[in-house]
Amino acid sequence: MYLLYSLRLAIQSLWREKWINLLSVLTIAAGLFMITLTFFVVYNIDLATKRLPARFSVMLYLNDGLSEQEAGSIIAQLKKNNAVEQARYIAKDKALEELKGVLKNADYILEGMDENPLPASIEIKLKKESVNIAGVKKVAAEIKKIKGIAEVEYGEQFLNSIHSIKGMAKAGSLSLIIIMSAGVIFVCYSTIKIAFYRRKEEIETFKLLGATRGFIRAPFVIEGSVLGISGGIASAAAAFVFYYVLFYKVTAAIPILKILVFPFETFPALPVAGLLLGIGGAVIALGRIRFS
Amino acid sequence: MIHFSNVTKFYERQAAIKNVTFSIEKGEMVFMTGPSGAGKSTLLKIIYLSEKPDEGSVTIAEWDLSKLKESSIPFLRRNIGVVFQDFRLLDNRNVFDNVAIALRIRGMLDSEIQDWVMEILKMVNLRHKADSFPQALSGGEQQRVVIARAIVGEPTILLADEPTGNLDTDTAAGITRLFKEINARGTTVVIATHNRELYRNTGRRVFRIDSGNIVGEEIG
Ligand SMILES: Nc1ncnc2c1ncn2[C@@H]1O[C@H](COP(=O)(O)OP(=O)(O)OP(=O)(O)O)[C@@H](O)[C@H]1O
Ligand SMILES: [Mg+2]
């Protein structure tokens, strides 16, 4: 096999243009690092919105004067609904207690009220799959039909905005990742293209001596791979510094940031991504090798 | 081994080869001679597939060039050793590497080629220059490196385009002897040259070429 010789040619070429190649590697690393940051942001938005369904609830306010039995039958009906995970009855006085709990020292607000103004209610949690705009609307409409329910309340506004934030973040980050990837490919492409043109004469001679396409391409594909992997490793190092600073230094000052998650798969994924983009750039730069 | 049938080659509407027909058999040694610009190099280029004929058909060792797949070209070329008129040496590689490249292209490892390349360099009297770079060689030395590279792969066809252009009479005679030896081992040899000395009294066929035509054939 000629691959050993190709490797030698690649190393020679990489070394001959070491400064330009170093610059390319740093550019690739910067691109991959920005992809990492983007990914980190969406990943956490995604996580946050995934945790949401567990907290999301729909409140059903019951008609005044409903007996516990009537409330019980409403709960039974609710539980028949496929979208409902659980339903919890909150009696009038319980609701008042909860409100007092929330108000704590400010419970003087309630002073002088001789009658409990709060209605009895049922809090329902929906199954994960149903916590989306369409799903919640549908359930709300169905529940409203049940007799004895005065009002259905859920954070429609909230749900809408979460949905659009998530959509925008996804679309924005996806386009950023695509642009950045194209940028990384382009850096590899132009670096390899330059190397190829510099050796055009020699390649013509190789062809006349009977070199195959594989023999001609291999050193450049190796060069592209080395640039890509090096960029990937450098960006992984940068990502690690970012991770370290964020989770060990910044969180000490701003503890809430501890809820952020940095996926560890990023570290091995970066060199692999660099490799693939590097090979891609090299292959595009080489194009079709013609013999006649 | 090499068959041209009504071959024409144009360069910018100017025919460099005009309706040429000839046959060279396996194991032959043939000379092509004629004035500068006659079309000798163009003929050889067609044989080693560097130029495509515009008309006519060419067959090299059973391969009809018009039907040859592009991906097969390298493998056909490996059977054809070429002494290029313009040398085509790699300036950034030493003599050893310039010769060895013909074998490396075939996927051979350094350990396999080391002795063989040195052997060939000895044949062209350049063993002592193995580590020199082409710029540090005389014209004749460079020419011999090209010859070494052409024969190191033991091709079935050897094409030599003005192989003694830069050589003194004695060295030229030595190279001719080398070509004869290679030919004696069964390699078909085609030599394009202005140098009468090369083919005089060889008893080989000599094609006289002028303005893209074969205007005569004689025995040298
Ligand atoms: N690449 C090219 N483009 C245009 N014309 C060319 C090209 N190569 C050769 N020619 C022309 O084709 C004709 C034949 O050239 P060729 O190189 O075959 O001559 P030659 O017989 O080898 O000459 P010499 O003895 O000087 O090497 C010449 O008129 C030359 O100008
Ligand atoms: Mg010529």
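Me: Is B:Arg13 buried or exposed?
Reply: This is a predicted model, in which local features need pLDDT of at least 70, side-chain atom pairs count only at pLDDT 80 or more, and totals for chains, interfaces and linings use all residues; side-chain values use heavy atoms, leaving out hydrogens and water. Buried means under 20% relative accessible area, exposed over 50%, and partly exposed in between (1.4 Å probe, protein chains only). Because its relative accessible area is 80%, B:Arg13 is exposed.

Me: Where in chain B is B:Arg13 placed?
Reply: Residues are numbered from 1 along each chain as its sequence is written, while chains are lettered from A and ligands numbered from 1 in the order in which they are written. Helices (H or I, at least four residues) and strands (E, at least two) are DSSP runs, numbered from the N terminus. On that basis, B:Arg13 belongs to the loop between β1 (2-11) and β2 (14-24) of chain B.

Me: What is the phi of B:Asn125?
Reply: B:Asn125 lies in the loop between α4 (110-123) and α5 of chain B, and its relative accessibility of 55% counts as exposed. Most residues other than glycine have a negative phi. B:Asn125, a residue other than glycine, has instead a positive value, near 60°.

Me: How are α5(B) and α6(B) oriented to each other?
Reply: Helix α5 (residues 139-152) and helix α6 (residues 169-184) of chain B have axes 12 Å apart and an angle of about 5°. Axes are lines fitted to C-alpha atoms, for helices over the stretch in contact, and angles run from 0 to 180 degrees between N-to-C directions. Angles under 35 degrees count as roughly parallel, over 145 as roughly antiparallel, 65 to 115 as roughly perpendicular and the rest as oblique. The two helices α5(B) and α6(B) are therefore roughly parallel.

Me: Which residues does A:Asn44 touch, not counting residues up to four places away in sequence?
Reply: A:Asn44 is in helix α2 (residues 18-55) of chain A, and its 10% relative accessibility counts as buried. A polar atom of the side chain of A:Asn44 lies 2.8 Å from the backbone nitrogen of A:Val261. With contact meaning heavy atoms within 4.5 Å, and without counting residues up to four places away in sequence, A:Asn44 touches A:Ile259, A:Leu260 and A:Val261.

Me: How far apart in space are B:Lys67 and B:Ser57, C-alpha to C-alpha?
Reply: B:Lys67 is in the loop between β5 (63-64) and α2 (73-77) of chain B. B:Lys67 and B:Ser57 are 10 residues apart in sequence, and their C-alpha to C-alpha separation in space is 9.9 Å.

How values were computed
Polar contact = N/O pair within 3.5 Å; in protein donor to acceptor, adjacent residues only side chain to side chain.
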